[in-house]
Structure formats: C-alpha cells, structure tokens
Amino acid sequence: MRKRLTLQEYKEGVLSGDRSRLSQAITLAESSLETDFAMASDLVQEVLPYTGNSIRIGITGVPGVGKSTFIEAFGQLLLDSGKSVAVLAVDPSSQKSKGSILGDKTRMEKLAGDKRAFIRPSPTGSTLGGVSSKTREAMLLCEAAGFDVILIETVGVGQSETAVKSMVDFFLLLMLAGAGDELQGIKKGIMEMADGVVIHKADGDNIANAKRAKSSYENALHLFPLGENNWSTPVITASSLTKVGLNDSWEMIQKYKGKMQESGFWQSNRASQRLSWLDENLQFLLGKFFLEDQQVQKILTKNRKRVENGELSPLALARDLIHTFLRSK
C-alpha cells in the first residue's frame, strides 16, 4: 500500500515542479473522499501565493474540429519559444465507470513526451459546461508548479461549453469550414463569449472554404456589440498540419493580454472569477451537507419511490426536505 503523502510533501513537490507530485496533487483534488477533500482544500490555500503568473487559455469547438491536434501543434510552438505548457484536457465520462473515454494524452504523443510540457486528462463526471468539477484547482496547482501557459481543452459536445469562460483569461473558439458550421457556429451565445475564433484545418483543398468561413464569421461578429472588455473578436485561419496560423494565434492572445492589462480588465476579470468560484463552492458544499444529513436521507429514502411512481410531487418533497434540514440546524 502506497504511503500517504503529507500536506508539506504535496506542497514541496508541486512548488518544485515535480510532475509526479503534481499529478498526485491533482488526483487528490479530484478525489471524493472527505479526508482528501479537506487536504486538497488546504493544499490549494498553501500554494495560492505562488499562483496567478500564468496565462490561462480555454479552447473549445465542435466535435471533429481538431482541438487535440491544434493544442499539440500550438503547445509545441510555445515550447519552442521558451514557454512551459500545462494542458488540462477534459474528456467525456463513461456513464458506467465515470472515467475518461477518449484519452487525450494518447492523442498528443509528441507533446506528452516533452519534459517541458505536462498533460493531465480528467473526466467531466457529472459536471456540465465542458470542464471537470476540479479544473480550477488543477489549474492553480499547475500555476504553482511554474507553468507559463495553461491550456484547458473542453469536452466539445455542443454549444454548452460555457463554464470554462469563467476560469480563463482568453477563450478560443475553434471552428471548421465547409462542414455546415458557418451557419451552425454563428450562434450568439458561444460567439459572444469567444475572445478569438480560429478556422481550423485551413489546408489543402479546404483553404478557399476557410477564407470564406473567415469572412462569414467576421461579418457576423461585426453585428455583435462590444463586451465590457471593449475587445473586437478577431477571426484567423490556421492549420496544425502546415503550422500556418499558429503564430498568428499566439500573437492574437498576446495582443489581447496587453490590451486587457492596460485597461485593467485582466485584473478585474480574475477577481470576478474568484467570486464565481466562491459561489460554486458554496452551492457544492451546501448540497453536500444537505444530502449527508441523516434526517434528509431518511425522508428521501422513504419517499423516493412515491416520486418515481407519480404519487408525490418532486417540488413538494424537495420543500419538505429543505424544511427538515433547516429545522435540524
């Protein structure tokens, strides 16, 4: 049986950039065990002063757009420019085992084999929004380990890839040309959230399609009002195969960072994200303590079948459970 690490051992391992310790620390954060949950919370607090120096980039897109391919090529570009890169690849979860079913690490072999990079696949579990419930914690641990750039790849299962927007500095949307996505992709919600749009796989016979898609997206984005950051979302074309457009992607992100830091939005956005994280944790902990209450469990077990059979309204039972919980406190 493996010896359990102490909080100090986790902290020292993460701050020294030890890949093995970092992986173990993220596993600790993702654990559902109460003892692990408490230690993970303490660990994040301990390393908090060493975080905040990385640039956090969320990458999303429709299935088949080539997110992993783009991240591997883009990550290699960053490594070659002297940056260290951590990739948090969130995979869809198996409904049976709850584990990852795609294995992004196996699809980024070159990047995974580079000692300057760190790739961590995590299952979404039951979390919505395209990210893992512990992506924030994993991101902060990677920052404390000294990585310059944190790339967060979302599941990419549709138009619900929104949660990642609330935890990154730059939200990059990858789109395809010539696959009907010019119409499918121009949807106000996801497009308004994007800080940059990349028409991917712009190579070979698809170059002309990519240029037309670029024009379509630019025209659509022109109709959207500017957000509070006063940033006009650029659209570029890129190919991970030919490496064309990868430098443009990084320059776009750097330009955004410079403008946002100058205006103060960079700092205010991170402050707002920390408050959002607080709200999420309050809801999570309240739900956790509520469902662990013995009286609540007793009434829920007794009446679950009645709800299932249509004899009792779910709302009525929920109100009864909450009143019971509040009376016991």
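Residues are numbered from 1 along each chain as its sequence is written, and side-chain values use heavy atoms, with hydrogens and water left out. Because the model is predicted, local features need pLDDT of at least 70 and side-chain atom pairs count only at pLDDT 80 or more, whereas totals for chains, interfaces and linings use all residues.

The protein chain contains 13 helices and 7 strands (DSSP runs numbered from the N terminus; helices are H or I with at least four residues, strands E with at least two). Of its 329 residues, 48% count as buried (buried is under 20% relative accessible area, exposed over 50%, partly exposed in between, with a 1.4 Å probe and protein chains only). The accessible surface of the protein chain comes to about 17100 Å², and carbon and sulfur atoms hold 54% of this area (Shrake-Rupley method with a 1.4 Å probe; for residues, only the protein chains shown count as cover). Among contacts with a separation of 6 or more, 74% are between residues 24 or more positions apart (a contact means heavy atoms within 4.5 Å).

Helix α13 spans residues 314–327; its 14 residues reach 20 Å from the first C-alpha to the last, close to the 20 Å expected at 1.5 Å a residue (the expected span is 1.5 Å times one less than the number of residues). Leu317, Leu321, Thr324 and Phe325 are the buried residues of α13. These residues lie on the same side of α13, because they cover an arc of only 100° around the axis (the arc is that of the directions from the helix axis to the C-beta atoms). An α-helix has 3.6 residues a turn, so residues three or four places apart point the same way. The cover over the buried residues of α13 includes α11 and α12 (294–308). Leu315, Leu326 and Arg327 are exposed on the other side of α13.

A search of the whole structure finds 14 salt bridges (a side-chain nitrogen of Lys or Arg within 4 Å of a carboxyl oxygen of Asp or Glu). One of them joins the side chains of Lys11 and Glu46, at 3.0 Å from N to O. Lys11 belongs to helix α1 (residues 7–15) and Glu46 to helix α3 (residues 34–47), so this pair ties together parts that are 35 residues apart in sequence. Lys11 is buried at 15% relative accessible area, while Glu46 is partly exposed at 33%.

Helix α11 contributes to two further pairs. Glu280 forms a salt bridge with Arg136, with the closest N and O atoms 3.0 Å apart. Since Glu280 lies in α11 and Arg136 in helix α6 (residues 135–144), the pair ties together parts 144 residues apart in sequence. Glu280 is partly exposed at 38% relative accessibility, and Arg136 is buried at 6%. Arg270 pairs with Asp169, the closest N and O atoms being 2.7 Å apart. Arg270 is in α11 and Asp169 in the loop between β4 (149–153) and β5 (170–175), so the parts tied together are 101 residues apart in sequence. Both partners count as buried, with Arg270 at 7% and Asp169 at 3% relative accessibility. Salt bridges that share partners also join Glu34, Lys288 and Glu292 into one network.

Leu275, Leu278 and Leu282 form a nonpolar surface patch with about 290 Å² of accessible area together (patches are made of residues with over 30% relative accessible area and no salt bridge; like charges are joined within 9 Å, and nonpolar side chains, namely Val, Leu, Ile, Met, Phe, Trp and Tyr, within 5 Å). Leu278 is located in helix α11 (residues 265–292) and is partly exposed, at 45% relative accessible area.
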